[in-house]
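Open the model in your viewer and keep the selection panel at hand.

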Amino acid sequence: MKEIGLKAFEKQDLPACLGVESAAMGKHLYLKDVAEYYTTTKGEFTLALVEDKVVGMGKLTVLFDGSAWLELLRVHPDFQRQGVGAKIYTRYLEQATAFRCPAIRMYTGAKNIPSAALAQKNGLHRGPEFCSMTLNLQNIPWEKEHLQGFCLANGQQAQELLLPMKEQAGGFFSINHTFYAVNPATCKGMAAAGWVYCAGENALVLGARFQPEKVWHIGAIAGDLEKNLRFAIARAAQCGVEKLSFHFPPQNQRLPLLLEQYGFTPDPSNDVVMELNKEG
């Protein structure tokens with residue numbers, strides 16, 4: 001294997017990156033939609049090169065609470081198992097140290113053994129597992145009355161409403177497969193992003209980190225589950241969103257039954273959070 005170099009993403013690198021993503025992921029593509037967004041977030045969009053050819057990539061994003069979120073790790077099939085992923089992880093860890101991130105996290109499919117093994121090799125351990133269900137909103141009827149009473153929460157309200165949800169949410173709120181640890185900084189950040197809605201004692205996390213026209217995500221709901229769910233469906237449908245998704249701990253046996261009644265169907269596989277807590 002020839003020497004692997006690293007560099008930060010530049011706009012002219014996008015076609016090469018799209019080629020790597022297509023070769024590595026088949027139909028599961030989203031980089032074209034989020035590449036520009038990635039350049040606006042704290043943390044490097046790193047490319048791996050062999051003889052000046054882009055063969056891999058990865059993005060570290062610093063989340064609301066300062067933790068490092070590792071995403072978009074892609075390696076062209078012709079260069080897999082040759083140290084490219086390990087090289088990108090080296091850069092991930094360097095950044096996490098430089099940014100003084102209190103934790104490093106990523107997610108992988110529950111059955112994706114190679115991805116979990118690479119994370120474990122770099123110090124991350126297996127954390128909680130989540131299942132998910134999705135509702136196709138096309139042709140779903142919704143009523144304006146289901147929007148009534150809800151408003152966006154401010155930072156203080158978000159903390160008061162969301163922090164008690166930590167245990168039932170499995171410690172994380174998921175938006176776009178980004179698992180945000182439940183803590184005061186996350187609650188305040190989500191409120192600032194416009195993702196926290198409330199109506200009296202009812203509260204939910206609802207929104208999209210990117211690709212908002214395609215999928216919105218329910219991070220958690222508390223209080224009257226059906227009232228919150230009806231609001232989430234109506235709000236997303238009102239905005240023309242194609243789908244609504246919800247990640248939750250598998251031990252929550254009541255929620256899947258309720259979601260099923262509203263037309264949600266189970267996603268094919270569970271997700272696992274891999275994490276390294278650097279403090280405590």
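In which loop does Pro250 lie? Select Pro250: its place is the loop between β13 and α8 (254-261), where helices (H or I, at least four residues) and strands (E, at least two) are DSSP runs numbered from the N terminus. This is a predicted model, in which local features need pLDDT of at least 70, side-chain atom pairs count only at pLDDT 80 or more, and totals for chains, interfaces and linings use all residues. Residues are numbered from 1 along each chain as its sequence is written, and side-chain values use heavy atoms, with hydrogens and water left out.

Stay on Pro250. Pro250 counts as partly exposed because its relative accessibility is 37%; buried means under 20% relative accessible area, exposed over 50%, and partly exposed in between (1.4 Å probe, protein chains only).

Next, show the contacts of Pro250 (heavy atoms within 4.5 Å). Leaving aside residues up to four places away in sequence, Pro250 touches Glu129, Phe130, Cys131 and Asn270.

Now select the lining of the largest cavity: Phe130, Ala169, Phe172, Phe173, Ser174, Gly219, His247, Phe248 and Pro249. A cavity is a set of points on a 1 Å grid over the protein atoms alone where a 1.4 Å probe fits but cannot get out, and lining residues have an atom within 4 Å of a point.

Colour the strands. β8 (172-175) and β13 (243-248) each supply at least two residues of this lining, and β8 gives the most, with 3 residues.

Definitions and conventions:
On a 1 Å grid over the protein atoms alone, a cavity is a set of points where a 1.4 Å probe fits but cannot get out, and a pocket is an open set with protein on both sides within 12 Å along at least five of seven lines; lining residues have an atom within 4 Å of a point.
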